[in-house]
Amino acid sequence: MDEIYIWITSVGAVVMASFAIFIRLKATKRPVSAKKIIIPPIFMSTGFLMFLYEPARPAFLQVIEAVLVGMIFSILLIKTSKFEIRDQQIYMKRSKAFAFILIGLLFARIIFKLLIGDTINVEELAGMFFLLAYGMIIPWRISMYMNFRQLEKVLENSLQNKSTLPVET
């Protein structure tokens, strides 16, 4: 029965990754705002409610491991998330590497799940993957927010001075 859960959740992860790639590519066509950067981790934080269900709670060491792995993976997302100024607004710069990184992270997740899926119960594994994802999104979004604010100041100054705008950060 656990194998069925592993395969179902793996297919679910593929669907979610495809959705994330689609959303990210679509987002490059609209201006970015601080709200669009901050809101996803806030909405995602509702996932912590899963830990009210005792079998989903990983051990303390597993929590640390999952968050640290997520933080390491966030470096890839941080490196590929760039902004640019177009039409006096800030846009996310399209990155071809982002889709490949997401697909790579997805495969890593599936491999980890297949390797350790027999030793850790499915609920606990779900909790660990949630923590990994949250450990990845928080540093990434903090970095995005800081870069956005920096570029926003450049944009404001250049609009006040009516000077030439830099194209990216």
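With a relative accessibility of 46%, K36 counts as partly exposed, a class lying between buried (under 20% relative accessible area) and exposed (over 50%), as judged with a 1.4 Å probe and protein chains only. The model is a predicted one, in which local features need pLDDT of at least 70 and side-chain atom pairs count only at pLDDT 80 or more, whereas totals for chains, interfaces and linings use all residues. Residues are numbered from 1 along each chain as its sequence is written, and side-chain values use heavy atoms, with hydrogens and water left out.

K36 is found in helix α2 (residues 34–44), helices being DSSP runs of H or I with at least four residues, numbered from the N terminus. Together with K26, K29, R30 and R94, K36 forms a positive surface patch; patches consist of residues with over 30% relative accessible area and no salt bridge, like charges being joined within 9 Å and nonpolar side chains within 5 Å. A nonpolar surface patch of about 560 Å² is made by I103, F107, I111, F112, L115 and I116, of which I111 lies in helix α4 (residues 96–116) and, at 47% relative accessibility, is partly exposed.

The whole structure contains 2 salt bridges, each defined by a side-chain nitrogen of Lys or Arg within 4 Å of a carboxyl oxygen of Asp or Glu. E84 pairs with R86, their closest N and O atoms being 3.1 Å apart; E84 is buried at 16% relative accessibility, whereas R86 is partly exposed at 32%. R149 forms a salt bridge with E152 at a closest N and O distance of 2.2 Å, and because these residues are 3 apart in helix α5 (residues 122–161), about one helical turn separates R149 and E152.

Terms used:
Areas by Shrake-Rupley, 256 points an atom, 1.4 Å probe, with all protein chains shown as cover. Helix = DSSP H or I, 4+ residues; strand = E, 2+ residues; numbered from the N terminus. Lys, Arg positive; Asp, Glu negative; His and termini not counted. Charge placed at Lys NZ, Arg CZ, Asp CG, Glu CD.
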